[in-house]
Amino acid sequence: MKLHELHPPLIHAPLILLPAAAAVDMAAARTCRTSTERLGAKLWWFGAGGGLLAGLAGMAASQEVKAEDKRVDDAMYLHGIGNLGLVIAATAMAIFRSRSRPTVTSATIGLAACGAAIYTAYLGGELVYGSGVGVKAMSEQARAGVQPGVPDVLSSGSAVRFVRDAVKGLGWLLGRTVDLLSGRQKLERGALHLGKEAEGMQPGAFQPRQGELLTPPIPH
């Protein structure tokens, strides 16, 4: 795992813990149960800590990748400054909850703040999947990239396709598992360390020069 690759796996913790903390606070404000109040306070601290760790990894990653397009660079800034604001807000909420009981108002504010994380997460996803920031050059093994015709999340028919693809994906996983256990297929050892495999691409495969923008080629 490269230094700039630390941020994506770490960001999942605060994205789960912070909304959970706000939801638990809402339940605690309505039920007035002491155990629920204590759980909410702990979740705010865990979420703020996770956000801080992910944020530090993100700030480090911003110095390890390069975006020569002004729009992409600005989107990276908005992603970073938005997440910094969220970490500060989560820390403030954690301090407040350590000293005070939750209320419906404070829980609502917490939920609204967590809602902003959806937008910053969207920007982060677009930076990687849309603009290829931090993505290694597309190798010959994965030249096709994304399948054509993938719909937008909110477009008509996307829900049906999501369910269909999820079922097909589950079938693929189970089918491959049966084939592996029965010996009909074997697992390539190189699959366990794709990073090393990518560094040793065959001569002639697309590779970035030092300092070149790392964006995958558009499949034809």
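## Contacts and overall fold

Of the protein's contacts with a separation of 6 or more, 74% join residues 24 or more positions apart. Keep in mind as you browse that this is a predicted model.

The secondary structure is made up of 7 helices and 0 strands, so in sequence order the pattern reads α-α-α-α-α-α-α, with helices assigned as DSSP runs of at least four residues.

## Surface and burial

## A look at helix H4

Helix H4 covers residues 70-99, which is 30 residues.

Which residues of H4 are buried? They are Val72, Ala75, Met76, His79, Asn83, Leu86, Val87, Ala90, Met93, Ala94 and Arg97. The cover over these buried residues includes helix H1 (7-10), helix H2 (12-31), helix H3 (34-62) and helix H5 (104-130).

## Asp179 in helix H6

Now over to helix H6, residues 158-182, where Asp179 lies. Is Asp179 buried or exposed? Its relative accessible area is 17%, and because the cut-off for buried is under 20%, Asp179 counts as buried.

If you set aside the neighbours within four places in sequence, Asp179 is in contact with Arg184 and Gln185.

Notes:
Residues are numbered from 1 along each chain as its sequence is written. This is a predicted model: local features need pLDDT of at least 70, side-chain atom pairs count only at pLDDT 80 or more; totals for chains, interfaces and linings use all residues. Side-chain values use heavy atoms; hydrogens and water are left out. Helices (H or I, at least four residues) and strands (E, at least two) are DSSP runs, numbered from the N terminus. The expected span of a helix is 1.5 Å times one less than its number of residues. Buried means under 20% relative accessible area, exposed over 50%, partly exposed in between (1.4 Å probe, protein chains only). Contact means heavy atoms within 4.5 Å.
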